[in-house]
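Please read the sequence and the model side by side. The report below starts with the overall fold and ends with single residues.

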Amino acid sequence: MKKETSPLKTLASFREAIMELDNVYSLFAKACGLSDAEYWSLLLIYEGVATQSQISGQLFLSRQTLNSAFKQLQKKGLIRLEPCEENQRSKRAFLTDTGRPFVERHVVQMHQVEEKAWRKMEEQERAMFTKLTRKFSGLIQTELKAFQADA
């Protein structure tokens with residue numbers, strides 16, 4: 001009879017795996033000479049997500065962190081900000097003539113590395129990995145809400 005592994009041991013292993021994965025994604029940004037927030041912001045701008053509010057919501061970053069990233073991206077000449085027509089206080093981000101080729105050369109290339117690795121997993125593994133990650137994330141969110149309600 002096989003001995004069951006302790007849930008705390010498997011949780012510790014899962015945390016290690018998540019940290020390793022997070023580190024890999026940080027390497028993507030470093031390979032491009034960017035911070036994590038700059039990297040993901042550029043990718044989202046390239047994909048058409050344009051306002052700081054939308055990007056902040058999608059990346060789960062504070063407005064302050066995102067503002068810092070946007071300032072650096074502007075300083076590097078990769079994006080420009082323009083007021084939105086419908087709300088002058090909200091700004092829309094655009095890639096500059098320098099930013100578009102930068103993203104296509106660096107960020108999209110990192111995206112292709114990720115896709116190549118993803119395709120090496122079997123279809124069933126990809127689906128299960130995504131399903132279980134979302135399930136665990138949802139369970140943590142539920143527990144957090146209960147914790148906050150009790151506090």
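Predicted model: local features only at pLDDT ≥ 70, side-chain atom pairs only at ≥ 80, totals over all residues.

Residues are numbered from 1 along each chain as its sequence is written, and side-chain values use heavy atoms, with hydrogens and water left out.

**Overall fold**

The protein has 6 helices and 2 strands. Their order along the sequence is α-α-α-α-β-β-α-α. The radius of gyration is 19 Å, well over the 15 Å that the globule rule gives for 151 residues, so the protein is more spread out than a compact globule. That radius is taken over C-alpha atoms, and the rule is 2.2 Å times the number of residues to the power 0.38. Helices (H or I, at least four residues) and strands (E, at least two) are DSSP runs, numbered from the N terminus. Along the principal axes, the C-alpha atoms fill a box of roughly 65 × 45 × 25 Å.

Of the 151 residues, 23% count as buried. Buried means under 20% relative accessible area, exposed over 50%, and partly exposed in between (1.4 Å probe, protein chains only). Among contacts with a separation of 6 or more, 47% join residues 24 or more positions apart. Contact means heavy atoms within 4.5 Å.

**The core**

The largest nonpolar core has 23 residues, and Leu 34, Tyr 39 and Leu 42 have the most contacts inside it. At least two of its residues come from each of H1 (7-31), H2 (36-46), H4 (63-75), S2 (91-95) and H5 (99-119). Such a core is a set of buried Ala, Val, Leu, Ile, Met, Phe, Trp, Tyr and Cys residues joined through side-chain atoms within 4.5 Å.

**Helix H2**

In H2, 8 of the 11 residues are buried, so this helix is largely enclosed by the rest of the structure. Its buried residues pack against H1, H3, H4, strand S1 (79-83), S2 and H5. Just after H2, Gly 48 takes a positive phi of about 105 degrees.

The axes of H2 and H5 come within 10 Å and cross at roughly 110 degrees. That makes the two helices roughly perpendicular, a label for angles of 65 to 115 degrees. By class, their contact has 9 nonpolar, 1 polar and 2 charged residues. From H2, the residues involved are Tyr 39, Leu 42, Leu 43 and Tyr 46.

| Residue | Contacts (within 4.5 Å) |
|---|---|
| Tyr 39 | Phe 28, Ala 29, Cys 32, Leu 34, Val 107, Met 110, His 111 |
| Ser 41 | Ile 55, Leu 59, Leu 66, Phe 70, Leu 73 |
| Leu 43 | Val 107, His 111 |

Ser 41 is buried at 0% relative accessibility. Leu 43 is buried too, with a relative accessible area of 4%. The C-alpha atoms of Leu 43 and Val 108 are separated by 7.7 Å, although these residues lie 65 residues apart along the chain.

**An exposed loop residue**

Phe 60 sits in the loop between H3 (52-59) and H4. At 76% relative accessibility, Phe 60 counts as exposed. Its phi is positive, about 55 degrees, although Phe 60 is not a glycine. Most residues other than glycine have a negative phi.

Definitions and conventions:
Axes fitted to C-alpha atoms, helices over the stretch in contact; angles between N-to-C directions. Parallel < 35°, antiparallel > 145°, perpendicular 65-115°, else oblique. Nonpolar A, V, L, I, M, F, W, Y, C, P; charged D, E, K, R; others polar. Lists of a residue's contacts leave out its neighbours within four places in sequence.
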